[in-house]
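Please view the sequence and the structure together.

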Amino acid sequence: MTETFVGVQLGSHSVFDEGANHVLDTLQQRGKINAVFVYTHEYHKFIPNRPPEGMADHGKGVWTPTARNVTHKWVRTNPDTYAGTLLRHIEDPDKEYAGRDVIEELTEPARARDMKIFARFLEGHSPWLSSFVPNWPKVLTVDIHGRRDTLPCWNNPDYRGWLVSTVEDLFLTYPQLAGFKYGAERSGPLPTLFTTGRVPGCFCEHCQKAADRRGVDVDRARRGLTELYNLVRDCRNGERPNDGAMVTLLRILLKYPEVLAWEYGWHQAKESVAKEMYGTIKAIRPDAQVGWHVYHPITWDPIYQAEMDYDDLVHYSDFIKPVVYHDIAGVRIRDRFVHPLTRSVFADTSPEVVRDLLFDVLGYDRDLEPALDDLPTQGMSAEYVFRQVQRCVQAVKGRVPVYAGVGFDVPTDGNPIRSSTEKVQLATRRAFEAGADGLLVSREYDEMRLENLDAVGRAIEDAQKSGLIN
């Protein structure tokens with residue numbers, strides 16, 4: 001009987017901070033972990049977010065995250081593999097842990113414990129990369145006004161080539177890898193405009209050519225997105241249009257259906273990169289398990305949920321990890337989505353009405369889930385986890401396994417929640433009751449208080465005893 005898959009997201013610095021043996025013993029004994037997903041490259045500067053409370057019981061004690069200058073590259077690279085792209089992974093010899101190889105240093109300790117090692121890559125798109133990675137500005141998007149933005153473009157051949165070369169390099173260099181997980185944490189031009197007011201794009205030469213191939217009129221798409229941007233800008237400045245924000249939005253979409261085609265073209269470009277990465281890995285290692293970290297807004301943004309169709313995703317996936325971080329979801333839903341929408345295209349109504357409408361549309365029990373202003377301090381319930389995992393399971397129909405991304409102790413968004421052991425255990429249980437084939441315990445090991453890792457372990461033991469899992 002095959003053991004239920006239980007992975008964990010593990011920052012590579014933790015392996016060196018605490019020692020590979022200590023980390024793996026902690027994970028296996030307390031959380032029943034049998035697979036680790038480690039960063040091979042890291043372009044997000046997560047470490048300054050680390051909470052002292054989470055670090056205090058992790059074997060090394062509390063350190064000052066902002067004082068650290070750790071490497072961004074945790075593996076060896078072969079420069080020849082990147083000959084077809086302008087971009088390279090930077091060697092940073094003066095940084096902490098530079099030159100250490102996390103895959104090699106984990107290999108024997110993991111093998112001794114019968115634990116699998118997966119490479120993990122989360123796409124970087126922060127503005128600081130333009131001054132860190134040579135040639136990065138050459139792969140950036142172009143907005144409706146013809147200006148360079150700070151986001152890399154999915155259709156740029158050098159950016160695509162860099163991502164594909166990265167997985168080629170990894171799987172040629174490390175035959176011991178069990179697989180790979182990739183994530184891209186950004187939304188398309190429409191959700192981003194509606195929630196942040198960001199000027200939409202991309203209108204670089206590569207995106208224009210891709211639109212031409214799809215039969216989308218580039219000029220009309222630009223005009224429509226410009227009108228939409230002006231609407232959102234005015235609403236955010238407190239200037240509502242004569243007919244209201246929603247009617248004006250619908251008028252623009254009716255007049256310029258190319259706007260929706262441009263949004264979907266962004267999604268298609270993003271996923272085409274994933275398909276290339278998948279195919280490249282499979283060409284080198286057909287047995288490698290390749291899967292995707294599905295960005296958190298799939299649980300609250302109807303546009304992103306409509307684009308990110310699990311039924312399509314199964315054709316280039318060996319597993320899927322839906323992000324269902326229940327506690328942090330509360331503040332993110334309120335502050336990243338509901339409140340921003342009522343300053344833009346839902347300016348005609350109140351945040352409370354948008355919260356109720358959103359929960360009805362997405363299938364959440366609006367009476368069970370917290371009221372709008374309680375979301376940051378209470379988070380979403382374990383039923384939120386059940387609903388989103390079940391939706392994924394039902395969509396994939398058993399064609400690929402679903403590893404529920406149950407996450408806790410996440411410190412971002414000014415999150416005031418102290419994740420409770422009871423809720424962590426219940427959320428884990430509800431993920432299995434929804435049909436999850438396994439877990440990918442999240443967000444990061446060094447954020448987790450060990451009592452909550454224990455709660456995951458108890459939930460797994462209980463699920464095994466009741467016959468839910470092996």
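The model is predicted: local features need pLDDT of at least 70, side-chain atom pairs count only at pLDDT 80 or more, and totals for chains, interfaces and linings use all residues. Residues are numbered from 1 along each chain as its sequence is written, and side-chain values use heavy atoms, without hydrogens and water.

**Nonpolar cores**
- A nonpolar core is a set of buried Ala, Val, Leu, Ile, Met, Phe, Trp, Tyr and Cys residues joined through side-chain atoms within 4.5 Å, where buried means under 20% relative accessible area (1.4 Å probe, protein chains only).
- The largest such core has 142 residues, and Phe180 and Leu439 have the most contacts inside it.
- Beyond its neighbours within four places in sequence, Phe180 is in contact (heavy atoms within 4.5 Å) with residues including Phe118, Val167, Met277 and Gly291.

**Strand E10**
- Strands (E, at least two residues) and helices (H or I, at least four) are DSSP runs, numbered from the N terminus.
- In strand E10 (residues 438-441), Gly438 and Leu440 point one way, Leu439 and Val441 the other way, and all are buried.
- Strands pair if DSSP finds at least two bridges between them; E1 (residues 5-10) pairs with E10 in the parallel sense over four bridges, and Val8 stands opposite Val441.
- E9 (residues 403-406) also runs parallel to E10, joined by two bridges, with Tyr403 as the bridge partner of Gly438.

**Helices H16 and H17**
- Ala382, Glu383, Val385, Phe386 and Val389 in H16 meet Leu426, Ala427, Arg430, Ala431 and Glu433 in H17.

Technical notes: Buried means under 20% relative accessible area, exposed over 50%, partly exposed in between (1.4 Å probe, protein chains only).
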